[in-house]
Amino acid sequence: MVNKVYEKVKKIIKENYKFFLILILSMIICNIELPYYIEAPGGIINIEERIKIEDSNRGIGSLNMAYVSGYKATLPTVLIAKINKNWNLIKKEKNNINMTNEADYFRNHILLQEANQNAVELAYKTAGKQVNKKNTKLYVTYIYEKADTDIQIGDRIIKINNCKIESKEDIKKVINESKKNFNIDIIVENNEKEIHRSAKLIKYNNNYILGIAISEINDIEVIPSIEFNFKKSESGPSGGLMVSLAIYNALTKEDITKGRKIVGTGTIDKNGNVGQIDGVEYKLKAAVKENAEIFLVPSGENYEQAQ
């Protein structure tokens with residue numbers, strides 16, 4: 001019986017080998033990732049479904065963050081993007097083309113963690129609650145294309161020129177005291193191992209910099225306690241504004257939604273400054289699709305894009 005099946009399969013393959021060869025080659029070609037990425041309208045996330053605060057007040061309306069859907073650029077998706085006006089084909093930055101999926105995942109989730117941390121600190125303090133921060137950790141989340149360094153995304157900065165680093169201000173101080181044309185010795189932690197890295201300062205806008213971006217992560221203690229339950233597929237800092245508003249609304253008696261469905265986007269820092277984000281047009285389309293009554297967007301360029 002087994003031999004008969006084997007012979008039958010062998011005969012089918014022999015008679016149709018050209019078809020199977022073309023099929024395999026087509027599958028390989030269609031899965032080759034191109035140096036682009038695709039942005040498209042996404043959806044919205046009700047922040048109340050992502051945070052849990054002890055004895056919180058629940059509003060009648062809702063505060064939601066909008067997001068952009070992203071797709072890998074392969075031959076089929078690029079062709080769709082050329083036809084579909086709602087899909088935007090964007091060329092990857094040179095320094096991002098060779099970024100591993102692991103590094104990209106790490107960066108986006110650290111940025112989400114930092115955004116949520118800023119939202120907690122701002123909302124709790126504005127609501128008159130105490131915030132205690134400790135155990136500061138500094139992670140590399142971006143490397144400028146022209147940076148002269150072997151630092152990697154995901155490195156945790158421990159020391160620079162033998163000086164212990166506990167804040168972004170410490171990094172600036174060491175850089176200002178460093179000689180411009182000499183190697184800077186950096187000790188980092190990566191995968192629980194201490195590693196020596198090096199860098200040379202580069203000139204940018206009349207200042208000397210390392211050419212990296214740092215995210216500051218702390219252990220935060222607050223009363224009432226708060227927990228986040230974002231999905232693994234959800235990342236990035238652009239929901240910071242809406243998360244801070246949702247936390248504040250949960251901590252105070254007044255319902256700032258006034259019963260309305262509010263959608264928005266924008267980064268937030270611990271001082272309440274709202275920052276620009278990408279993909280405003282797609283987030284606005286998502287808000288319209290979900291029948292939002294109010295759409296919040298950072299002033300300036302983002303506001304102009306949303307009009």
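Is Glu 192 buried or exposed? Keep that in mind; we'll get to the answer on this tour.

**Before you click**

You're looking at a predicted model, where local features need pLDDT of at least 70 and side-chain atom pairs count only at pLDDT 80 or more, while totals for chains, interfaces and linings use all residues. Residues are numbered from 1 along each chain as its sequence is written, and side-chain values use heavy atoms, with hydrogens and water left out. Helices (H or I, at least four residues) and strands (E, at least two) are DSSP runs, numbered from the N terminus.

**Stop 1: the open sheet**

Select E4, E1, E3, E15 and E18. These five strands form an open sheet in the order E4-E1-E3-E15-E18, with mixed pairing. Two strands count as paired if DSSP finds at least two bridges between them. At the edges sit E4 (88–91) and E18 (294–296), each pairing on one side only. On average, neighbouring strands in this sheet are turned by 35 degrees against each other, direction ignored.

Now go pair by pair:

- E1 and E3 are antiparallel, over eight bridges; Ile 44 has Ala 66 in E3 as its bridge partner.
- E3 and E15 are parallel, over four bridges; look for Leu 63 opposite Ile 262 in E15.
- E15 (residues 261–264) and E18 are parallel too, over three bridges; here Val 263 stands opposite Phe 295 in E18.

**Stop 2: helices on the sheet**

Helix H7 lies across E3 (62–72), E15 and E18, running at about 155 degrees to E3. Contact means heavy atoms within 4.5 Å.

Then pick H3 (residues 75–83) and show its side chains. Thr 77, Val 78 and Ala 81 are buried. Buried means under 20% relative accessible area, exposed means over 50%, and partly exposed is in between (1.4 Å probe, protein chains only). Why do these residues sit on the same side of H3? Because they cover an arc of only 100 degrees around the axis, where the arc is that of the directions from the helix axis to the C-beta atoms. An α-helix has 3.6 residues a turn, so residues three or four places apart point the same way. The buried residues of H3 pack against E1, E3 and E4, whereas the face turned away from the buried side carries the exposed Lys 82 and Ile 83.

**Stop 3: the cores**

Select Ile 47, Ile 53, Tyr 124, Ile 226, Met 242 and Ile 247. They have the most contacts inside the largest nonpolar core, which has 25 residues. A nonpolar core is a set of buried Ala, Val, Leu, Ile, Met, Phe, Trp, Tyr and Cys residues joined through side-chain atoms within 4.5 Å. E2 (51–53), E3, H5 and H7 each supply at least two residues of this core, and H7 gives the most, with seven. A second, separate core has 20 residues, including Val 140, Ile 153, Ile 171 and Ile 186.

Now click Lys 52, in strand E2. Lys 52 is exposed, at 59% relative accessible area. Lys 52 and Ile 226 are 174 residues apart in sequence, yet 5.6 Å apart in space, C-alpha to C-alpha.

**Stop 4**

Most residues other than glycine have a negative phi, and most peptide bonds are trans. Let's visit some exceptions.

Go to Pro 224, in the loop between E13 (212–222) and E14 (226–228). The peptide bond from Ile 223 to Pro 224 is cis, with omega near 0 degrees.

Next is Asn 135, in strand E5 (residues 131–143). Asn 135 is not a glycine, but has a positive phi of about 55 degrees. At 47% relative accessibility, Asn 135 counts as partly exposed.

Finish at Glu 192, in the loop between E9 (184–190) and E10 (193–200). Glu 192 has a positive phi of about 65 degrees, and is not a glycine either. And the opening question? Glu 192 counts as exposed, at 78% relative accessibility.

Note on methods:
Axes are lines fitted to C-alpha atoms, for helices over the stretch in contact, and angles run from 0 to 180 degrees between N-to-C directions.
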